[in-house]
Amino acid sequence: MFDVFAALPAAGAILEESSGVVVDANDRFARLVGRDLAASIGHDLDTLIASAGTFDAVVAALDDHEGDEVLVRRACTGDRTVSIAATRHRSDGEPSLLVLTLVDATAPARVERELSELAQLPEMNPGPVVRLDLDACVLLANPAARAAFGERLQGQSWRDLLREIDPEMWQKILEAHDPVHVDARIGERDYVFAHRRAHDASLVFAFGSDVTAQRRSERLIAEKAAELAEAARFPDMNPGPVLRVDLDGTVLLVNSAARDVFGGELIGADWRTLAGDIDDPTWRSILDARQPIPLEQRVGERDFLFTHRRDHAGRLVFVFGSDITAQRTAERALRRSEKLATLGTLAAGVAHELNNPASTSSRTTAGRCSG
């Protein structure tokens, strides 16, 4: 039975077109004809509604109508009048079926409203709605579907229109009892199509929802998350130590290089102590400065230059360390070389004096004369 019958304010029945026999129905139909549901199935329509010729009138109206849907009025059942909306469904190799919705027409105004609402249900749906046979051929489509796929939609293969539906996915749709959702991009729009098979009617209904705005938001969120993730990775990718401390100097966050340099658990430690006992005036200058403040510190056997910068919000201080060990080692080596060169020059002068007897003699004589 059509699952949609349960949500409709009307009696529903499915008939074989060749015989007019009811093959399935809902509870509202059983109550309308005054029988229980099981006793309503297997009988022809004219017998059930006590109105000879009604089924033939429905078939004739469908044959005369340009489409596969028609409204037949004033069929009698007992002391009441019903209006019947009929839809024909054809599938290759299977008997043609008629789907009827019947409304008690005793109150004409109410009937007109209910039938109008029933007829407009797919037409008023803002998303695409299509009916398919078991071969995925489009039988009927609402205006939103035609707007999305083109006016010549009827008769086309749904699997050609939605390339995302491969044979395995279509088989899943045919076998499932719950809706099967398929994401699809049509032109510049994103849709999610919920497919639901009416097992007893050899039909598949597809209800589409335009999720373009939602997908755009999801992509923006994903891109932002990727940016934030990359930003979060940035300190760890930095080869030098990076620390975030509060205005009191308490360490809040560190990267792996900082942990390698200082060792141990740094979170909660006092940066001013770690950095070589930064005194109050120096720390105040860091907090007040508009430009980065560099401080040099030797940690173990390595030399670092720690650049301090307060953030724009004024709530944090960021510390970026650079290993300058090689530079300082080279500078120290250069200074040693300069000292050795100076000592060498002095030594050479002394040696020259000692190796010159005349010079030595004159200095000795001059010493005696002066005495």
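**Entry 1: helix H8.** I began with helix H8, residues 167-175, and found Trp170, Ile173 and Leu174 buried there. These three cover an arc of only 100 degrees around the axis, which puts them on the same side of H8. I note the general rule that an α-helix has 3.6 residues a turn, so residues three or four places apart point the same way. On the face of H8 turned away from its buried side I found the exposed residues Glu168 and Glu175. I keep in mind throughout that this is a predicted model.

**Entry 2: what H8 packs against.** I then looked up the partners of the buried residues of H8, which are strand S6 (129-132), helix H7 (158-161), strand S8 (180-186), strand S9 (189-198) and strand S10 (203-210).

**Entry 3: the sheet.** Tracing the strands, I read an open sheet of 5 strands in the order S7-S6-S10-S9-S8, with antiparallel pairing. Strand S7 (138-141) and S8 stand at the edges with a single partner strand each, so one side of each is left without a neighbour in the sheet. From one strand to the next I find that the twist averages 25 degrees. For the pair S8 and S9, which run antiparallel, I list 7 bridges, and I see Asp183 standing opposite Val192 in S9. H8 packs on this sheet and touches S6, S8, S9 and S10, while its direction makes about 140 degrees with that of S8.

**Entry 4: the cores.** Which residues have the most contacts inside the largest nonpolar core? I find that they are Val130, Trp158, Trp170 and Phe193, in a core of 23 residues. At least two residues of this core come from each of S6, S7, helix H6 (143-149), H8, S8, S9 and S10, and S8 gives the most, with 4 residues.

**Entry 5: the whole protein.** Stepping back, I count 14 helices and 15 strands in the protein, and buried residues make up 37% of its 371 residues. Among contacts between residues at least 6 apart in sequence, 36% join residues at least 24 apart. The protein exposes about 21,400 Å², of which carbon and sulfur atoms supply 53%.

Conventions. Residues are numbered from 1 along each chain as its sequence is written. This is a predicted model: local features need pLDDT of at least 70, side-chain atom pairs count only at pLDDT 80 or more; totals for chains, interfaces and linings use all residues. Side-chain values use heavy atoms; hydrogens and water are left out. Buried means under 20% relative accessible area, exposed over 50%, partly exposed in between (1.4 Å probe, protein chains only). Contact means heavy atoms within 4.5 Å. Accessible areas come from the Shrake-Rupley method with a 1.4 Å probe; for residues, only the protein chains shown count as cover. The arc is that of the directions from the helix axis to the C-beta atoms. Two strands pair if DSSP finds at least two bridges between them. Axes are lines fitted to C-alpha atoms, for helices over the stretch in contact, and angles run from 0 to 180 degrees between N-to-C directions. A nonpolar core is a set of buried Ala, Val, Leu, Ile, Met, Phe, Trp, Tyr and Cys residues joined through side-chain atoms within 4.5 Å.
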